Amino acid sequence: MKIALVLLINFSLLVSAHCSSENEYDMLDRFLKLKRLKRLEMDQVSNKDITDEYSYSPVYVGPQDGLKDADKISELPGQPAGTDFDQYSGYVTIDPDHGKALFYYLTESPINSSTNPLLLWLNGVKQLQIVTGPGCSSMYGAVTELGPFRVNADGKSLSLSNVLFLESPPGVGFSYSNTSSDYVTGDAQTAKDSFTFLVNWLQRFPEYKPRDFYIAGQSYAGHYIPQLSKLIVQNNENGNQTRINLKGVAIGNAYVDGETQNIAKYDYLLAHAIISDEIHKGIFSNCFQEAYRASLCEYYVKQVEVAKSNIYVYDIYAPLCVLGKVSKSSSGFDPCSGNYMSRYLNTPAVQKSLHVKEMEWKSCSDLLDWKDNAWTVLPVIQDLMASGINVWLYSGDTDARIPVTSTRYAIKRLNTSVKTSWYPWMYQGEVGGYAVGYENNLVFVTIRGAGHSVPSYQPGRAYALITSFLKGQLP
C-alpha cells in the first residue's frame, strides 16, 4: 500500500483553516485591512502586555474514561481497502457549563505508532479562490494537505495519503458551543481553548503524555502556534497540570508581523512582475509614509487588486478553480479540492463515522466576532527561542499572500545572528529550497515550487522538511 506523505510520527491533532470559494473576495485580505484600521485602538500594547495576555491559569479537566474507545473510527465512507492504521475523531469538552466542545481528528502512524512523537498541526489557511484569517476549519488540511486520504472529484471516494486535526475555536467546522457569547472570541481565547483541549485530550490518550511534542502549521497559525506554545511553556514552568514535552514549532508562510507583511507583499508582487514599478512606488509613497494620502493610497491599492485579480495569489503559477474542468497545477494539486471536501464532509454517513453532531459543515465560520489580534507576535517568538524551543519558519516560494519576503523581513526584526549561512538544500538530486540557521534556536527554510499550503504542492519536499525539523537538523 502506497502512502503519499508518510511522516514517521503520530500525526495527531491537526488544526487547519480553509474557506470555500467566494470568487473575488479574499477573507484574509479583508481581515488584515480591518486589522490595520483598528491598530491604533487595539494593538498599541507593550511586550509585557502581550506576554500577560497569554499567561497560564489552571484550566478545566473533565472525565475521559471510555471516550477514547468511543472515538475510534471503524471506517470512513470511501476509505481504500487495506488501510492499516487507527483513526479517532470526536469532541473534547472544554467548558461543560457553556456546552463548549472542540472537534478533533487523529490518525496514528502506520509505522512505530507506539513510540513516535506527537505533532499538533495548526493551520490558518484556505486553498481555493480565497483564504481566511482566523475562523476556518481544520478539515481542509486533513483531506487536502497532510491527512491520510484525499477526497476525489466525485466527493464520495477517498484516495490514500496520511493524517490528524483539531477545529478551533468553537463555531468553526464541527466545533460548537451552546453559549452564543463564546463566538465573540480572538487570539487569546483561542490559545486558552486549544490548551484546555490538549490537557483533556492527553487525559483521553494518556499514552502520549511522555512523548516528545511538536507543533507545526501555516498562515494565521503564525499567531496560533506562538500563543499556544507560550501557554504550554508557562504551564510547564508554573502549573501543576499535565506537562507537555514541547520540543519545537514549525510555521509555514506565517503571518507573524503586520508591518513586515504589508511591505513584503508589495515587494514580492513587484519582483514577480505582477505589479509595475509605478504602482509599487505609488504604494510606498502614499500608504507607508508619515504623510499618508488616503485617496492616492486607495487608488494604488485598487491598481494592485486589478493586477492580481485573475491570479491565484496562494500560488501565482497555479490555475484557478473552474468547476467542471480538470485543471491542476504543475505540482499536481487540484485547485478545486475544497469543493470536493465540502460535499464529502456534509454527507450524513461521513458525519456519522466521524462521531459528530449532524450539521451543515462550513469551511469558514460566519458565527465568529474576532475581537483581539496582536499586530505582532515577534516578542512571543523571541520568548520561545529564549526558553530553548526550536523555532522553524518555512516558506513556499510561489505564495504571494504571505510571501517568502514577509518571513525574511520578520526574521530581521528578531535581531539574531546567522550561524549557518544561506545554502541550497537538495531533494532527490534537485534543489528542494534554501535554508539558513540562526543563533538562539531559529531556522528559516524555503520550499521551491510550493504555494501557501506547502504539503499540497510539494509533499516530498514537505516530508524532507518535517523529517529534518523533528530531528533538529538543517535539511
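1. Ground rules first. This is a predicted model, so to speak of what it can carry: local features need pLDDT of at least 70, side-chain atom pairs count only at pLDDT 80 or more, and totals for chains, interfaces and linings use all residues. Residues are numbered from 1 along each chain as its sequence is written, and side-chain values use heavy atoms, with hydrogens and water left out.

2. The overall picture. The chain has 15 helices and 16 strands; helices (H or I, at least four residues) and strands (E, at least two) are DSSP runs, numbered from the N terminus. Of its 475 residues, 59% are buried, where buried means under 20% relative accessible area, exposed means over 50%, and partly exposed is in between (1.4 Å probe, protein chains only). Take the contacts between residues at least 6 apart in sequence: 75% of them join residues at least 24 apart. Contact here means heavy atoms within 4.5 Å.

3. Aromatic pairs. There are 23 of them in the structure. Rings of Phe, Tyr and Trp (its six-membered ring) pair if their centres lie within 6.5 Å; planes under 30 degrees apart count as stacked, over 60 as edge-to-face and the rest as tilted. Tyr 104 and Phe 205 make an edge-to-face pair, with 6.1 Å centre to centre and 85 degrees between the planes. Tyr 104 sits in strand β3 (residues 100-107) and Phe 205 in the loop between α5 (187-204) and β10 (213-219), so this pair ties together parts that are 101 residues apart in sequence. Tyr 104 counts as buried because its relative accessibility is 0%, and Phe 205 counts as buried at 0% as well.

4. Ring pairs join Tyr 88, Tyr 104, Phe 197, Trp 201, Phe 205 and Tyr 208 into a cluster.

5. Arginines over rings. One member of that cluster, Tyr 208, has Arg 211 over its face, 4.6 Å from the ring centre. Elsewhere, Arg 408 lies over the face of Trp 422, at 4.7 Å from the ring centre. The test is that NZ of Lys or CZ of Arg is within 6 Å of the ring centre and within 35 degrees of the ring normal.

6. Helices α8 and α9. Which residues of α8 meet α9? They are Glu 278, Ile 279, Gly 282, Ile 283 and Asn 286, and across from them in α9 are Leu 296, Cys 297, Tyr 300, Val 301, Gln 303 and Val 304. Helix α8 (residues 277-286) packs on helix α9 (residues 294-307) at an angle of about 145 degrees, with the axes 9 Å apart. Axes are lines fitted to C-alpha atoms, for helices over the stretch in contact, and angles run from 0 to 180 degrees between N-to-C directions.

7. What covers α8. Ile 279, His 280, Gly 282, Ile 283, Phe 284 and Asn 286 of α8 are buried. The cover over the buried residues of α8 includes α7 (258-271) and α9.

8. Helix α12. In α12 (residues 378-386), Leu 378, Pro 379, Val 380, Ile 381, Leu 384 and Met 385 are buried. Asp 383 lies in this helix too, but Asp 383 is partly exposed, with a relative accessible area of 27%. The C-alpha atoms of Asp 383 and Pro 226 are separated by 9.2 Å, although the two are 157 residues apart along the chain. Just after α12, Gly 388 takes a positive phi of about 95 degrees.

9. Backbone spots to look at. The peptide bond from Ser 168 to Pro 169 is cis, with omega near 0 degrees; Pro 169 lies in the loop between β7 (165-167) and β8 (176-177). Asn 415, not a glycine, has a positive phi near 55 degrees. Asn 415 is in the loop between α13 (404-412) and β14 (418-427), and counts as exposed at 66% relative accessibility. Gln 428 is another non-glycine with a positive phi, about 50 degrees. Gln 428 is in the loop between β14 and β15 (430-438) and is exposed, with a relative accessible area of 68%.
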